[in-house]
Amino acid sequence: MQTLSLLRRRLALLFGAASLLLLAGCGGLRAAEAPLATTLEKSSCTRSADTLIVLLPGAYSAPEEFVREGFIDALNENRLAVDTLRVDAHMGYYRNKTILDRLDRDVIAPARRQGYKAIWIAGISVGGFGGLLYAQTHPGDLAGLVVLAPYLGERVLSQDIANAGGLSRWHGPLDAPPGSDPRTPSDTQLWQWLRGYAGHTRTFGDRPPLYLGYALDDRFAFSHRLLAGALPAERVVTTEGGHDWPEWRRLWRRLLPTLPLPGCPG
């Protein structure tokens, strides 16, 4: 039984890495250059916002698409006094396992030096995966986390969690899977950390408020439902559709009024 369990964990780790590469498409991956390229968008209603939202795109998306798809306009329409930072965190950083180090060095640490008191990450698809990994490995850094249609690892692991009766009843391995790299934790380690949102008391570090949005026919919806079951109902929104910008745009607009973000003065 132990040998079978070990084999399954090894396969899950292998397939998880393969899935991330498939998310990048067949056109080849861009080189992961340092530092990460970022674009700051100041709040439309205050010159001295102390809250920053870091926007992480999906595998196929460019950071400029957050503007094109109305994510910045939605913040302004909701009169939220926040700055945003669009980050070109493409798949090359995930492939060479530098995404967490670059986010720390090039995004979060500079934001702290610039005086931001509250930093959120909002990520789409693999950007949501990156945001979750960052929160897991940098406890206390984030004031909040929004994940839209996040990649959460290979389906075989999600099926194991579902077979156990959900995240609160799942008892995954305590040790890191064989061959895992501490620079980018495995999906098994991520789900172990996510168990903390189901009320468990294991010591995985401080967890920021987590908000989830997903479409009911998204290709990752099976995993999304497992995570949603561990979160308060008011922190989960759904919509019809699949895995694309129209769904993500609707989810963002539905979530924004529920987030504890500062409003514009006056």
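A: The model is predicted, and its chain has ten helices and seven strands. Buried residues make up 53% of the 266 residues.

Which side chain of opposite charge is nearest to Glu247? That side chain is Arg250, 4.2 Å away. A salt bridge requires a nitrogen within 4 Å of a carboxyl oxygen, and Glu247, although buried, has no salt bridge. Leaving aside neighbours within four places in sequence, Glu247 is in contact with Ala215, Thr239, Glu240, Gly241 and Gly242.

Another charged residue of H10, Arg253, does have a partner. Arg253 forms a salt bridge with Glu77, their closest N and O atoms being 2.6 Å apart. Because Arg253 lies in H10 and Glu77 in helix H3 (residues 71-77), this pair ties together parts that are 176 residues apart in sequence. With 35% relative accessibility, Arg253 counts as partly exposed, whereas Glu77 is exposed, its relative accessible area being 52%.

The segment after H10 carries a further link. Cys264 lies in that segment, and its partner Cys45 lies in the loop between strand E1 (38-41) and strand E2 (51-56), 219 residues apart. The sulfur atoms of Cys45 and Cys264 are 2.0 Å apart and form a disulfide. A search of the whole structure finds one disulfide. The torsion about the S-S bond of Cys45 and Cys264 is about -85°, so the disulfide is left-handed. Cys264 counts as buried, at 14% relative accessibility, while Cys45, at 24%, counts as partly exposed.

A search of the whole structure finds ten salt bridges. One of them joins Asp88 and Arg30, with the closest N and O atoms 2.5 Å apart. This pair also links distant parts of the chain: Asp88 is in the loop between strand E3 (83-87) and helix H4 (91-95), and Arg30 is in the loop between helix H1 (2-23) and E1, 58 residues apart. Asp88 is buried at 14% relative accessibility, and Arg30 is partly exposed at 47%. By contrast, Arg102 and Asp106 both lie in helix H5 (residues 99-113), four residues apart, about one turn of the helix. Their closest N and O atoms are 2.5 Å apart in a salt bridge, and both residues are buried. Salt bridges also link Glu65, Arg68, Glu69 and Arg249 in a network.

Leu132 is in contact with Leu190, Trp193 and Leu194, among others outside its sequence neighbourhood of four places. Leu190, Trp193 and Leu194 are buried residues of helix H8. In H8, residues 187-194, eight of the eight residues are buried.

Technical notes. Residues are numbered from 1 along each chain as its sequence is written. This is a predicted model: local features need pLDDT of at least 70, side-chain atom pairs count only at pLDDT 80 or more; totals for chains, interfaces and linings use all residues. Side-chain values use heavy atoms; hydrogens and water are left out. Buried means under 20% relative accessible area, exposed over 50%, partly exposed in between (1.4 Å probe, protein chains only). Helices (H or I, at least four residues) and strands (E, at least two) are DSSP runs, numbered from the N terminus. Lys and Arg count as positive and Asp and Glu as negative; His and the chain ends are not counted. Contact means heavy atoms within 4.5 Å. A disulfide is a pair of cysteine sulfur atoms within 2.5 Å.
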